[in-house]
Amino acid sequence: MIKSPSQATILIIDDRAENIDLLTAMLDQAGYVHLIGLTDPCAVHDHLSPVPDLILLDMRMPRRSGLMVLDDLNQALGDHCPPVMVLTADNDVGLRNQALCRGAIDYISKPFDYDEVLQRIHNLLQLQLKTLKERDQAARLQMLVNKQTATLRALSLTHPLTGLPNRRALLDAAERQLMRGPVTVLMIALDGMEAVTQHQGHLMTEALYKHIAELLANSAVARSHRVGVWDSSRLVMLIEGDGKEAAKKAARIHRLISGHHTLEGRLMFLHCHIGISRADSESADVPQLFRQAILAIPTDDQAVGEYQPELDSKAQREHLIRTELGSALQSNHLSLVYQPKWRLDGGLLVGAEALLRWQHPALGAISPAEFIPIAERSADMMQLGDKVLAMALEAVAQWRVKGLTDEHFHLSINVSAQQLRHGFAESVLARCHATNTPPAIIQLEVTESALIQQISVALRELQQLRDAGMHIALDDFGTGYSSLSYLKQLPVDWVKLDRSFIQDLATNASDKHLVGSVIELAHGFGHGVVAEGVEEVSQQQVLQTIGCDQVQGFLYARPLIQDGFEQLLKTAQQGNTTINHYENV
C-alpha cells in the first residue's frame with residue numbers, strides 16, 4: 001500500500017501520445033514517479049498486475065471507447081477496481097454522466113488546466129490512500145476477529161483439563177461421521193473418582209482424570225479413534241465404521257484402566273464400566289446415540305454392555321424407582337425382614353441379618369437387588385442406610401425389652417460405601433446409646449467394593465466401632481479384588497463367604513478345597529466364618545467337615561417378617577429350635 005500520493009502508480013490511457021506526454025510531464029514535474037502511458041486501450045489487461053492506484057482514461061478513442069474500457073475494468077477487477085478519472089471535452093456532459101454511472105470517480109476537462117489537474121489528482125489519491133488505510137485496518141481487524149473466533153471455537157470444543165475433544169466436539173464428530181458411514185460409541189464410566197476426591201482432594205482427582213484420559217488417548221487400542229471427555233467421570237471413544245471389534249476394544253480399555261494407579265507417589269484405585277451403542281444412518285439421532293451408550297453401561301459386575309432396546313424400558317422403570325424412593329423413605333412402604341443365622345457346632349440360633357424390603361403400592365414388591373443399586377447411584381443411599389440402621393436398632397431394642405435376646409445374640413446390618421464417611425462411627429454409637437443397645441450385639445457387614453472406595457476412612461471408622469465392642473463382617477468375601485490384603489488390614493471379626501462359593505460345594509472338589517482354604521486362612525487371622533446361601537443338606541455337611549462356624553440360607557429359613565422372627569426367638573428360648581429340625585416359615 002502506498003504511503004503518500006507521490007508514490008502512486010498512475011496509468012494514463014489515451015490514443016493520442018501527445019496527451020500522454022503532456023500529462024506525464026505535468027505529473028513528473030509535480031513529483032509523481034510511477035507513471036505508465038498506454039495508447040492502445042485493447043491492451044489494458046496487460047497493465048493490471050499489479051493494479052495501478054489511479055487510472056486517467058480518455059473517453060473518445062477510435063478503436064475502443066473509454067466507456068468500453070470502463071466495462072472491461074469492472075469485469076476484470078470488480079470491487080478491486082482502482083479509481084478512474086475520465087478525460088473529456090467540456091461539451092461532453094452526456095458522456096461524462098455515462099462514465100460516472102459506470103464507476104468513474106471524477107473527470108478532467110480538455111484542454112487541461114495545470115493546477116486543476118494536479119489538485120484533482122492529489123485529492124483523489126489522498127482519498128484513495130485514506131480508503132486503503134481504512135480497508136487495511138478493517139482487514140487486519142477482521143483477521144484478528146477471525147483468529148480470536150477460531151481460538152474461541154477451538155476452546156469451546158476442547159476440554160480444558162485434558163485438551164481432548166469435549167461433549168460438543170464429540171457430538172459434532174459423530175454427526176460428521178454419520179454422513180460418511182456408521183459410527184460406534186464407547187461410553188467409559190470411571191468408578192472411584194468420588195472416593196479419590198474425598199480422600200485426596202479435587203486437585204488429585206483432576207490429576208488422576210487427566211492421567212487416565214492421556215493413558216487412553218495414547219494407548220494402542222485408541223489409535224486411529226477419537227477419544228474425548230463426556231463429563232467429570234466419563235470418557236468417550238468414537239469408532240468409525242460398524243465397530244465389529246468394539247466389544248474387544250472395550251475389554252482392552254477395561255483392562256487398561258481398571259486397577260491401581262500411582263500418581264505423585266499416591267496409590268489410587270479405579271474401576272470402569274463401558275457401554276456400547278451403534279448407528280449406521282445419517283438420519284440417526286446423535287444425542288440419542290450417546291444416551292443409548294450411557295444406558296448400556298453395566299450396573300453389575302459385568303465390565304462391558306451393549307445397547308439393547310429393552311434398556312429403554314429398564315431406564316424408565318429405574319427413573320420411576322428413583323423418583324418413588326424418596327416418598328418410600330417418608331412412608332411405611334419400607335420394612336425389614338430377618339434371616340436367621342445358625343451355629344454349625346451345636347445348631348443353635350445365634351443371630352440374624354436384617355434385610356430391607358420395599359412394597360410399592362403400584363409396582364408391588366421391589367427387590368433390594370434392584371432398588372439398592374439405584375439408591376447407591378443417587379443421593380438417597382445415605383438416608384436409606386440411616387433408616388435401615390434406625391429400624392434395625394429399634395427392633396433389637398424391642399426384643400431385648402421383651403426378653404427375647406441376650407448378649408450372645410447379634411444382629412447384622414449392611415453398610416454401604418456412601419455411609420462410610422467421617423463421623424459414621426459416632427452416629428452409629430449415638431443411636432445405640434439412644435436405644436439402649438449394647439454395641440456388642442450389633443454386627444456391621446461391609447462389602448469389599450465399599451472398602452476399596454473408602455479404605456482410609458473405613459479403617460478409622462470401623463476401628464472406632466470395633467473398639468466400642470461392635471463386630472465387623474467382611475461381606476461377599478472372594479468376589480472383590482484384594483481379598484487377602486483387606487482381610488489382613490481391616491478390623492474384621494467375621495468373614496462371610498459369598499453364595500457363589502457354596503453353590504457347587506458338594507459336587508465340585510475345587511470349590512470344596514477353595515472354601516476350606518479360605519476358612520483355614522480366616523481362622524488363622526482369628527476371624528469367624530459365615531456361609532450364606534446354604535440351600536442343600538449336602539452343602540451343610542461339607543461345611544461342617546471343613547470347619548465353617550455359622551450358616552444362613554433357605555435350607556434353614558427364608559427371611560422372616562418381624563412377628564415371624566420373634567416367634568422363632570420364643571421357640572429358641574424354649575430350647576425347641578435347632579438347625580437340625582427347624583422348619584421354614
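A charge sits over a ring if NZ of Lys or CZ of Arg is within 6 Å of the ring centre and within 35 degrees of the ring normal. The views below come from a predicted model, in which local features need pLDDT of at least 70, side-chain atom pairs count only at pLDDT 80 or more, and totals for chains, interfaces and linings use all residues. Residues are numbered from 1 along each chain as its sequence is written, and side-chain values use heavy atoms, with hydrogens and water left out.

**View 1. Arginine over aromatic rings.** Arg558 lies over the face of Phe554, at 4.0 Å from the ring centre. Arg120 is placed over the face of Tyr107, and here the distance from the ring centre is 5.3 Å.

View 2. A pair of aromatic rings is described by the distance of the centres and the angle of the planes. Rings of Phe, Tyr and Trp (its six-membered ring) pair if their centres lie within 6.5 Å; planes under 30 degrees apart count as stacked, over 60 as edge-to-face and the rest as tilted. The structure holds eight aromatic pairs. In one of them, the centres of the Trp342 and Tyr556 rings are 6.5 Å apart and the planes stand at 50°, so the pair is tilted. Trp342 belongs to strand S12 (residues 334–343) and Tyr556 to the loop between strand S20 (550–552) and helix H20 (562–573), so the pair ties together parts that are 214 residues apart in sequence. Helices (H or I, at least four residues) and strands (E, at least two) are DSSP runs, numbered from the N terminus. Trp342 and Tyr556 are both buried; buried means under 20% relative accessible area, exposed over 50%, and partly exposed in between (1.4 Å probe, protein chains only).

**View 3. The ring pair of Trp399 and Phe565.** Trp399 and Phe565 form a tilted aromatic pair, with 5.1 Å from centre to centre and 50° between the planes. Distant parts of the chain are linked by this pair: Trp399 is in helix H12 (residues 381–401) and Phe565 in helix H20, 166 residues apart. Trp399 has a relative accessible area of 0%, so it is buried. Phe565 is buried as well, with a relative accessible area of 0%. Ring pairs join Trp399 and Phe565 with Tyr338 and Phe409 in a cluster.

**View 4. Two nonpolar cores.** A nonpolar core is a set of buried Ala, Val, Leu, Ile, Met, Phe, Trp, Tyr and Cys residues joined through side-chain atoms within 4.5 Å. The largest one has 75 residues, and Trp399, Leu411 and Leu543 have the most contacts inside it. Helix H12 gives the largest share of this core, ten residues. Not counting residues up to four places away in sequence, Leu543 touches Leu344, Ile502, Leu505, Val515, Ala531, Val534, Cys548 and Val551; contact means heavy atoms within 4.5 Å. Another core, of 30 residues, lies apart from the largest one and includes Met193, Val229, Met237 and Leu263.

**View 5. Strand S6 and its partners.** Eight of the nine residues of strand S6 (residues 183–191) are buried. Two strands pair if DSSP finds at least two bridges between them. S6 pairs with strand S8 (residues 234–240) in the antiparallel sense over seven bridges, and Met187 stands opposite Val236 in S8. With strand S10 (residues 266–279), S6 pairs in the antiparallel sense over nine bridges. Leu186 has Ile276 in S10 as its bridge partner.

**View 6. The surroundings of Asp493.** Asp493 sits in the loop between helix H16 (483–489) and strand S18 (494–497). Its relative accessible area is 17%, so Asp493 is buried. The side chains of Asp493 and Arg466 are joined by a polar contact of 3.0 Å. A polar contact is a pair of N or O atoms within 3.5 Å; within protein, one must be able to donate a hydrogen and the other to accept it, and residues adjacent in sequence count only if both atoms are side-chain atoms. Beyond its neighbours within four places in sequence, Asp493 is in contact with several residues, including Met470, His471 and Gly526.

View 7. Most residues other than glycine have a negative phi, and most peptide bonds are trans. A cis peptide bond, with omega about 0°, joins Ser49 and Pro50. Pro50 lies in the loop between strand S2 (34–38) and strand S3 (54–58). Glu264, in the loop between strand S9 (259–263) and S10, has a positive phi near 55°. Asn436, in the loop between helix H13 (424–434) and strand S16 (442–447), has a positive phi of about 55°. Glu264 is exposed at a relative accessible area of 63%, and Asn436 counts as exposed at 62% relative accessibility.
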